[in-house]
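Please look at the structure first, then read on.

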Amino acid sequence: MNDTALTVHQTARPYGFPTTDHFAVVESALPAPASGTALVENLYWSVDPYHREMMDDAPGGFALHTPLEGRTLGRVVASRTPELPEGEIVLHRQGWRTHAVVSPAEIRRLPRFDGVPLTAFLSILGGTGLTAYVGLTRIARLREGDDLFVSGAAGGVGTATGRFARLLGAGRLVGSAGSAAKVAHLTGEVGYDAAFDYHDGPTADLLAEAAPDGIDVFVDNVGGEQLSAAVGALREFGRIVRIGTISQYNTPDAPPPRFDHADLVEKSLRMEGFLVSNYRDLQDELHAFAVPHLQSGRLVEDTTVVDGFEHLVHAFLGMLRGHHTGKIIIRAESETPAPAPRGVGPELVAGPGSSGRA
Ligand SMILES: NC(=O)c1ccc[n+]([C@@H]2O[C@H](COP(=O)([O-])OP(=O)(O)OC[C@H]3O[C@@H](n4cnc5c(N)ncnc54)[C@H](OP(=O)(O)O)[C@@H]3O)[C@@H](O)[C@H]2O)c1
């Protein structure tokens, strides 16, 4: 174990897209656990769109020149409490740093399921998967045969939404994403029936081509023009699941989306947003649903794994610009598998659903 710790701080507020200039990596001595706590060496980190929202000067946002927060998986390496034995892997929220001191109340113990990689607890079984699951089962109240449109379909939540919707008996699945490669991934791997690159024209036209008979449910990760187009495409009693608004996080001057409010009345539409933090009680239900499918291979996680804590800020910035497919996870060097001996096939970096290294 190193005797120094690295911690990422935010040093300035961005206007528009953040850059590396808004962050600093601070080196310090390893923190020592006080009685009742344990020192954890972090192994896998999640960087998420909500971190961009927290970079703004808004209530509940990141304080400057202070360690940031984020979901991370780590191993207990020194303990001063019997509740956190050395060697245990825990999930906690003191991410963006190599080491953290945690109390038992601040961690979640992870169940271990045969054949399910640890990364799944930050992707399809973690907050990302839970968001997709809540969106479909509690907000859309998905019915068998419902036709869906999912914006941001190639991201973490979007891929999980597509895969879960297929398992839950959805009808036609249409997704939007930011590149031809992502579109190919959606229809070739994830199970979407049709997909389009939203850069290729007005969304209303692209959606009309991909879903000529309309949709019953719109799962919206993006907002903006895609939300406007989907309102027009929804059938009577359609549902709009508002998950996120990433098209607006880095464009503070963009006009708000416009859509025909009369459509909500005339077609009896329901639009509902939610925060996954209010649905943590469904975590075990998600495990009961998803784990058997993961174990049978009917469900895989779509993950891009980036190796090395030193790449965490770049990985975050790349996620905001759509450089990755699926859920992006940063992995500590210590967890990187040794290269395969000569003559052996390419390395599988994070389970069968991995979309490769960034
Ligand atoms: N409500 C909740 O509790 C909750 C929980 C988790 C996440 N969320 C929200 O869900 C959404 C997806 O989150 P995630 O973690 O799965 O992230 P993600 O989709 O894996 O990553 C973000 C993606 O957004 C897309 N994007 C960036 N700028 C865009 C733009 N201007 N227009 C359209 N797409 C754009 C990029 O993909 P492309 O290449 O396709 O552009 C990028 O890959 C976000 O809005 C997030 O805030 C909400």
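## A charge over a ring

Over the ring of which residue does the charged end of R321 sit? The ring belongs to F17. The charged end of R321 is 3.8 Å from the centre of that ring. The model is predicted.

## The ligand site

The shell around the ligand has 24 residues, and V157, K182, Y198, Y249 and V276 come nearest. By type, the shell splits into 13 nonpolar, 10 polar and 1 charged residue.

A polar backbone atom of G178 lies 2.8 Å from a ligand oxygen. For I243, a polar backbone atom is 3.0 Å from a ligand nitrogen. F274 places a backbone N or O atom 2.8 Å from a nitrogen of the ligand. The ligand taken alone exposes 910 Å², and the protein buries 86% of that. Three elements, α3 (156–167), α7 (246–249) and α10 (312–320), each give two or more residues to the shell. The most come from α7, which gives 3.

## An enclosed helix

Helix α2 spans residues 127–139. Of its 13 residues, 11 are buried, so the helix is largely enclosed by the rest of the structure. Among the buried residues are G127, T128, G129, L130 and I139. Just after α2, R141 takes a positive phi of about 50°.

## Aromatic pairs

The structure holds 12 aromatic pairs. One of them joins W96 and F316 edge-to-face, with 5.4 Å between centres and 70° between planes. This pair links distant parts of the chain. W96 sits in the loop between β5 (89–92) and β6 (99–102), while F316 is in helix α10, 220 residues apart. W96 counts as buried because its relative accessibility is 1%, under the cut-off of 20%. F316 also counts as buried, at 0%.

F164 and F289 form another pair. Their ring centres are 5.4 Å apart and their planes meet at 80°, so this pair is edge-to-face; the cut-off for that class is over 60 degrees. Here too the pair links distant parts of the chain: F164 lies in helix α3 and F289 in helix α9 (residues 283–296), 125 residues apart. F164 and F289 are both buried.

Which residues form one aromatic cluster with W96 and F316? F23 and F62 complete that cluster.

Definitions and conventions: Residues are numbered from 1 along each chain as its sequence is written. This is a predicted model: local features need pLDDT of at least 70, side-chain atom pairs count only at pLDDT 80 or more; totals for chains, interfaces and linings use all residues. Side-chain values use heavy atoms; hydrogens and water are left out. A residue is near a molecule or strand if one of its heavy atoms lies within 4 Å of it. A polar contact is a pair of N or O atoms within 3.5 Å; within protein, one must be able to donate a hydrogen and the other to accept it, and residues adjacent in sequence count only if both atoms are side-chain atoms. Accessible areas come from the Shrake-Rupley method with a 1.4 Å probe; for residues, only the protein chains shown count as cover. Helices (H or I, at least four residues) and strands (E, at least two) are DSSP runs, numbered from the N terminus. Ala, Val, Leu, Ile, Met, Phe, Trp, Tyr, Cys and Pro count as nonpolar, Asp, Glu, Lys and Arg as charged, and the others, Gly among them, as polar. Buried means under 20% relative accessible area, exposed over 50%, partly exposed in between (1.4 Å probe, protein chains only). Rings of Phe, Tyr and Trp (its six-membered ring) pair if their centres lie within 6.5 Å; planes under 30 degrees apart count as stacked, over 60 as edge-to-face and the rest as tilted. A charge sits over a ring if NZ of Lys or CZ of Arg is within 6 Å of the ring centre and within 35 degrees of the ring normal.
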